[in-house]
Amino acid sequence: MLRATVGVTSVPLAGAAGQGPRPLYYDLSRYRVHADALDEIQGTGSEMSLVNAAHGRSEHTSAVHPTGESEAGGRRGLREVIGAYAALAKPRVIELLLVTTIPAMFLAGREIPSPWLVLATLVGGTMAAGSANALNCVIDADIDKVMKRTRRRPLVRDSVPRRNALIFGVALGVASFGLLYATVNLLSAVLAVVTILFYIFVYTLLLKRRTPQNVVWGGAAGCMPVVIGWAAVTGTVEWPAFVMFGVVFFWTPPHTWALAMRYREDYERAGVPMLPVVATPRHVAKQILVYSWVMVAWTLLLVPATSWLYTAFAVLSGAWFLFYAHRLYRGVVRGEKTKPMALFHRSNTYLMIVFVAIAVDAAIGLPVLGLPF
């Protein structure tokens with residue numbers, strides 16, 4: 001056991017067990033160390049423990065020099081910083097958005113679009129989504145601290161200063177507009193900015209903490225990638241884009257409420273009035289079922305713009321998803337132990353099937369069914 005006292009400029013540190021004292025000193029005056037922070041440091045490798053404590057680091061942090069640089073030449077620190085900023089952008093959420101953007105671009109031209117156009121649209125869209133997510137992290141840092149699901153986010157762990165996260169989010173938004181305007185078109189760039197503003201001001205600031213309908217209307221931001229993808233190819237927005245928008249719009253409540261059923265206590269502790277927090281499980285399961293039926297029916301509105309291939313996948317995957325939505329509802333009604341996260345993961349699979357079917361259908365170029373009249 002070692003003890004350090006405030007005011008001591010140099011502290012001799014004992015060696016490992018079985019060794020004598022080692023002539024190694026660290027200047028603690030630079031760190032403004034408090035005695036309670038260094039009161040008890042145990043075990044071998046005490047030099048690392050003392051310096052980490054002086055920096056406010058955990059015992060698992062790698063050793064640092066008094067200059068603050070790691071012994072690996074700062075490379076690990078750089079990776080950690082990059083990882084923290086990447087986490088602000090919530091890349092797992094962005095992946096789902098990209099799944100809907102590419103098929104929308106395929107359907108817009110009923111062919112495989114230019115790879116360069118797809119790349120530019122995806123990069124610009126990713127930057128826009130990352131901007132919205134980073135700014136969301138800044139605003140919601142207080143509730144992220146009390147939710148188990150989000151307590152490892154960068155701002156909660158102080159991996160990124162809040163001011164830097166704000167600048168990062170704004171910079172990503174500006175860069176996304178510039179890139180889309182320069183490489184795609186003005187309409188897609190404007191739609192990207194509108195999406196960021198809607199997500200921040202309408203969903204995060206206005207709806208999220210005030211109403212259980214937050215994800216219903218606020219979820220419209222997550223529907224915009226299909227519209228941006230369509231606009232990137234055509235320079236306009238036509239009815240199939242709005243149908244795809246509707247598919248994601250009606251998909252969002254069952255997807256999010258299933259997650260919220262699992263993390264109900266988290267949302268309640270944070271004061272976020274998600275539907276599972278303010279309503280009974282039976283009511284939530286019923287709403288999930290209703291929105292699931294509307295979602296599946298809405299996918300069929302795209303039949304006139306596609307072929308029999310998409311129609312078959314839309315019907316079969318819709319029946320598959322509805323089976324599990326009904327099973328969740330029956331389980332809740334009967335008072336059985338249910339697994340809402342199973343429906344949450346299946347909702348991701350369902351959306352992927354529908355939009356991959358859209359892309360394949362357009363790429364193959366099968367005859368469009370058209371309207372029956």
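Author: Before we start: a polar contact here is a pair of N or O atoms within 3.5 Å; within protein, one must be able to donate a hydrogen and the other to accept it. And keep in mind that this is a predicted model.

Reader: Got it. Which side chain does the side chain of Ser347 make a polar contact with?

Author: That of His255, at 2.7 Å.

Reader: And where does Ser347 lie?

Author: In helix α15, which covers residues 340–364.

Reader: Buried or exposed?

Author: Ser347 is buried: its relative accessibility is 1%, and buried means under 20%.

Reader: What is Ser347 in contact with, leaving aside neighbours within four places in sequence?

Author: Trp251, His255 and Phe321. So His255 turns up both in that contact list and as the polar partner within the 3.5 Å limit.

Reader: OK, switching to α13. How many residues does helix α13 have, and how far does it reach?

Author: Helix α13 runs over residues 281–299, so 19 residues, and spans 27 Å from first C-alpha to last. That is close to the 27 Å expected at 1.5 Å a residue.

Reader: Which residues of α13 are buried?

Author: Val284, Ala285, Ile288, Leu289, Tyr291, Ser292, Met295, Val296 and Thr299.

Reader: What covers them?

Author: The cover includes α8 (214–218), α10 (239–262), α12 (275–278), α14 (308–333) and α15.

Reader: Which residues does UniProt list for "transmembrane region"?

Author: The entry is unreviewed, and it lists 116–139, 160–180, 186–207, 214–233, 239–263, 284–302, 308–329 and 350–371. In the model, residues 116–139 are 100% helix with end C-alpha atoms 35 Å apart. Residues 239–263 are 96% helix, with their ends 37 Å apart.

Reader: New topic: at what angle do α3 and α9 pack?

Author: About 35 degrees, with the axes of α3 (residues 91–109) and α9 (residues 224–234) 7 Å apart. Their crossing is right-handed. Among the residues making the contact are Leu97, Ala104 and Gly109 of α3, and Pro225, Gly229 and Trp230 of α9.

Reader: Last one, Asn185. Where does it lie, and what does its side chain reach?

Author: Asn185 sits in the loop between α6 (162–183) and α7 (186–207). Its side chain reaches the backbone nitrogen of Leu187 at 3.3 Å.

Reader: Why does Asn185 count as buried?

Author: Because its relative accessibility is 16%, and the cut-off is under 20%. Not counting residues up to four places away in sequence, Asn185 touches Leu180, Ala231, Ala232 and Gly235.

How values were computed:
Residues are numbered from 1 along each chain as its sequence is written. This is a predicted model: local features need pLDDT of at least 70, side-chain atom pairs count only at pLDDT 80 or more; totals for chains, interfaces and linings use all residues. Side-chain values use heavy atoms; hydrogens and water are left out. Helices (H or I, at least four residues) and strands (E, at least two) are DSSP runs, numbered from the N terminus. Buried means under 20% relative accessible area, exposed over 50%, partly exposed in between (1.4 Å probe, protein chains only). Contact means heavy atoms within 4.5 Å. UniProt positions are given in the numbering used here, feature names are shortened, and annotations may be inferred rather than shown by experiment. Axes are lines fitted to C-alpha atoms, for helices over the stretch in contact, and angles run from 0 to 180 degrees between N-to-C directions. A crossing is left-handed if the near helix is turned anticlockwise from the far one by less than a right angle, and right-handed if clockwise.
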